[in-house]
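Colleague: Please take a close look at one helix pair and the core around it. I would like the packing geometry and the residues that make the contact.

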Amino acid sequence: MWKSKLLEFVKPFTHPAWGITHFQRVYELAIKLAEKQNLDVDSDSLFAAAYLHDIGAFEPYRQKGKDHSDVAIENCSEILLSINFPKDKNDLVKDIIRCHMFYVKPSDIKESIIFHDADTLDFMGTIGISRILAIVGKEDWTPDLKSAIFLIQKFHDELPLELYTAAAKEICNERMFEMKDFLAKLSQQTNNFELI
Ligand SMILES: [Fe+2]
Ligand SMILES: [Fe+2]
């Protein structure tokens with residue numbers, strides 16, 4: 001019951017890079033990583049965190065100068081209470097949200113580690129490229145196409161170092177190949193990115 005209420009609550013949060021479809025992908029990937037790692041995880045907390053972890057990037061929650069993870073943590077208890085989510089799992093949801101970004105070293109809680117890896121993988125490969133290109137001119141990260149291409153290159157070089165599970169590292173290898181291939185072909189076709 002709380003799951004359908006949560007899905008109803010997040011309906012307005014659409015965005016080409018961090019909206020509902022991203023929430024669902026990260027949940028499904030987190031579950032897949034847990035299975036591959038033979039981890040018995042709390043899927044309820046992963047589900048709740050998946051649909052709430054980026055709400056701090058959306059109005060009316062968004063706060064200038066404050067990390068979207070902190071904003072989501074501040075607001076999630078009230079949302080979880082309103083949908084009758086099991087209260088004893090609130091702290092786990094908050095830890096998962098706190099640790100989700102690639103630039104945060106996750107805690108030693110298994111759900112937080114696999115969720116961190118799932119969210120990081122969504123910045124990689126064909127899906128990662130698609131998300132970054134979708135926000136060109138829309139977000140601070142990517143004022144123009146050239147900056148987006150350099151961000152893809154940066155993610156290709158740096159995100160593999162931010163993964164903690166063997167299962168995620170395996171998926172990362174495939175996704176790095178896709179990024180490398182894309183960047184190599186784009187470089188060829190644009191005189192080493194000069195003509196973008
Ligand atoms: Fe995020
Ligand atoms: Fe995310």
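Modeller: Here is the helix pair, then the core.
This is a predicted model, where local features need pLDDT of at least 70, side-chain atom pairs count only at pLDDT 80 or more, and totals for chains, interfaces and linings use all residues. Residues are numbered from 1 along each chain as its sequence is written, and chains are lettered from A and ligands numbered from 1 in the order in which they are written.

Helices here are DSSP runs (H or I, at least four residues), numbered from the N terminus. α2 and α3 pack at about 155°, with axes 8 Å apart. Axes are lines fitted to C-alpha atoms over the stretch in contact, and angles run from 0 to 180 degrees between N-to-C directions. The pair is therefore roughly antiparallel (angles over 145 degrees).

From α2, the contact uses Phe23, Val26, Tyr27, Ala30 and Ile31. From α3, it uses Ser43, Leu46, Phe47, Ala50 and Tyr51. Contact means C-beta atoms, placed from the backbone, within 7 Å. These residues divide into nine nonpolar, one polar and no charged. Ala50 is in contact with Phe23, Val26, Tyr27 and Ala30, leaving aside neighbours within four places in sequence.

Now the core. The largest nonpolar core has 45 residues; such a core joins buried Ala, Val, Leu, Ile, Met, Phe, Trp, Tyr and Cys residues through C-beta atoms within 7 Å. Buried means 20 or more other C-beta atoms within 10 Å of a residue's own. Ala30, Leu46, Ala48, Ala49, Ala50 and Leu52 touch the most other members. Elements giving two or more residues include α2 (20–36) and α3 (43–52).

Technical notes
Buried ≥ 20, exposed ≤ 12 C-beta atoms within 10 Å, placed from the backbone. Contact = placed C-beta atoms within 7 Å. Parallel < 35°, antiparallel > 145°, perpendicular 65-115°, else oblique. Nonpolar A, V, L, I, M, F, W, Y, C, P; charged D, E, K, R; others polar.
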